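Please examine the model shown here.

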Amino acid sequence: MSTPFPFTAVVGMDDLRLALLLNAVSPAVGGVLVRGEKGTAKSTAVRALSALMPEVATVAGCRYSCDPAAPDPACPDGPHESAPGTSRPARMVELPVGASEDRLVGALDIERALSEGVKAFEPGLLADAHRGVLYVDEVNLLHDHLVDLLLDAAAMGASYVEREGVSVRHAARFLLVGTMNPEEGELRPQLLDRFGLTVEVAASREPGQRVEVVRRRLAYDADPAGFAARWAGEESALRERIGTARALLPEVRLGDAALLQIAATCAAFEVDGMRADIVMARTATALAAWAGRTEVLAEDVRQAALLALPHRRRRNPFDAPGLDEEKLDDTLEEFAGEHDSDGDDHPEPDGPDGGPDGPGGGGGRPPASGPEGQDTPREPASGQDDTPARPEAEGGPRASGAGEQSAVRAAEPFRTKTLSVPGLGEGAAGRRSRARTEHGRTTGSRRPRGALTRLHLAATVRAAAPHQRARGRSGPGLVVRRDDLRQATREGREGNLVLFVVDASGSMAARQRMSAVKGAVLSLLLDAYQRRDKVGLVTFRGKEAAVALPPTSSVDAAAARLESLPTGGRTPLAAGLLKAHDVLRVERMRDPARRPLLVVVTDGRATGGPDPVALASRAARLHASEGIASVVVDCESGPVRLGLARSLATDLAGTAVTLDELRADSIAGLVRDVQGTRSGEGSTGINHRGRAA
């Protein structure tokens, strides 16, 4: 087993370390979501936490880690009457992004259940994580069906596995810790709310601190065991402090004044539901215990708000998590209780890092391990809005030169009609187009390829019934052989690659018009976020087209690129379509199962070069010849309309919708067809109620 990097050797990352330690003191806080750019020691810090967790007492031989003092009466390995106990280190169980459902919840052998009457169950990761830590790296990339299972287990404290009437239930209470890079896409709101605390991390810009990070990492890589031994004293001290805080936690008093501040803060920031209030109360209590106090103070409430509220204030996927600290201070002052005036009556014990509020809390570093007198700068609080200005689209057109206009703001987004790819796909689970999936309604059966995962009971009975006499059946039971088993085929929804090709030329440059166009694209991006699509953005203007954003799961990044998009110049429509063709060709090689949907946003005009209209028509027919589903959003306005966008849609073998028709509440054009990607595949509807026809 490899030696983990010591928790106390992590440089900086004060808020991250504090959030993890508070969960170690009080697992009821509800876990931590760590957001930040790549290469910021997110995973290193989380994995290091497991070495600090107290040991767990379990029933000997129980695969579900039952507590010998209070065993689960419904444990599949039970009953555990007067069973001997044993102790083991707390587990850190990692859930891979590509894990299967059976790996997460456990596998039930349906074949043995039917043929032998044996309930054979192999526990999954949820059973391993019971009374420990469940860690999900890149949690924002987790498949939807696994997210649903995590939500159910986290809400009920138990995992249920059911296969055709055969069911198994076991306890599954765990500390959920996830890390993510927001550039790769955001989390679903339901899962986001399940994390008690959230922390934003970023690499330090201080050269001295960066030098220390590199020095420690190189020392660890050269001799992991020796490096860990040098930090053993710090680790032991921190482990002891966690135990002391845990013992003190039941004695901490959460007074009415602190409760009023918590409730007032959550109301002032308009967070949904009551989970935020509960998490803040638990966090403030843990902070007081960590500081060695038996009473919650206003400073605990403030720190709890900075950790528990930022991720609960998002109203749409394009909002950055954050908290207005000035408003927070005003709210706390307005609802301050009398106990805050005598805060000096609660002195805090000193600690090596300047007091118990320092997240290192007894960690520190050996005197010889870093530069003397070096102050470790504290990173911004998790709720602090420290986001830099959005960068200009990489590789995209820039607003410089004659005839160019600066970027305009997008109009308010709206709910759009559903656009989907025709036919039946087999891509990643999502919510846009029809597809063969592991989840959804049952549409038929087939012989299993490999292990049986979803039994089609009726088809299995039909296959076994004609052979009962030959098999010597004498009783009421059905004699089933392996050849009789049938796998259920199911139909659900998949996510697609939605590639936007946006006209940013001079013909679109009227500020009000471009604002409406950006609002429409922003609305489609919001729809793509909700349907779990990948998105990409190609723009064309002047003399060329550019990939403003390669295909990604980060709808936020696409929205940022769109916001900074300038306009002006000629209209190289053919170049935009050909650039889109190149992007789709590369993506097809990377992920052949994910079907594309091309959304061209233009008025249909083409200028520049010899016969630009014919060139655009040929480029469009290239997409049509490869069966790419396409939609043209017609941005033409004014009393005289040439209908060029609809001609382009015809060449693409797609459909055209106006900006008004794109709205879900539009009366015009309730249903329009996106032409099939191959002859005979049919079409897909665009329905004003947001459902595919």
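Strand E14 pairs with strand E15 (residues 487–494) in the antiparallel sense, and five bridges join the two. The model in which this pairing is found is a predicted one. Within the pairing, threonine 442 has arginine 490 in E15 as its bridge partner.

The pair belongs to an open sheet of three strands, ordered E13-E15-E14, with antiparallel pairing. Strand E13 (429–437) and strand E14 (441–446) each have a single partner strand and stand at the edges, so one side of each is left without a neighbour in the sheet. From one strand to the next, the twist averages 30°.

Strands of a sheet pair through backbone hydrogen bonds, and the pairing may be parallel or antiparallel. The parallel case is illustrated by strand E10. Strand E1 (residues 32–36) and E10 run parallel and are joined by four bridges; in this pairing, valine 34 has threonine 179 in E10 as its bridge partner. Strand E7 (residues 133–137) also pairs with E10 in the parallel sense, over five bridges. Here the bridge partner of valine 136 is glycine 178 in E10.

How many residues of strand E10 (residues 175–180) are buried? Six of its six residues are buried, and the strand is mostly covered. In a regular strand the side chains alternate between the two faces of the sheet. In E10, Leu175, Val177 and Thr179 point one way, whereas Leu176, Gly178 and Met180 point the other way, and all are buried.

Two packed helices are described by the angle between their axes and the distance between the axes. For helix H1 (residues 14–25) and helix H12 (residues 275–290), the angle is about 90° and the axes lie 9 Å apart. That angle makes H1 roughly perpendicular to H12. On the H1 side the contact involves Leu18, Leu21, Leu22 and Val25, which meet Thr283, Ala286, Leu287 and Trp290 in H12. By class, seven nonpolar residues and one polar residue take part in the contact of H1 with H12, and no charged residues do.

Technical notes
Residues are numbered from 1 along each chain as its sequence is written. This is a predicted model: local features need pLDDT of at least 70, side-chain atom pairs count only at pLDDT 80 or more; totals for chains, interfaces and linings use all residues. Side-chain values use heavy atoms; hydrogens and water are left out. Axes are lines fitted to C-alpha atoms, for helices over the stretch in contact, and angles run from 0 to 180 degrees between N-to-C directions. Angles under 35 degrees count as roughly parallel, over 145 as roughly antiparallel, 65 to 115 as roughly perpendicular and the rest as oblique. Contact means heavy atoms within 4.5 Å. Ala, Val, Leu, Ile, Met, Phe, Trp, Tyr, Cys and Pro count as nonpolar, Asp, Glu, Lys and Arg as charged, and the others, Gly among them, as polar. Two strands pair if DSSP finds at least two bridges between them. Buried means under 20% relative accessible area, exposed over 50%, partly exposed in between (1.4 Å probe, protein chains only).
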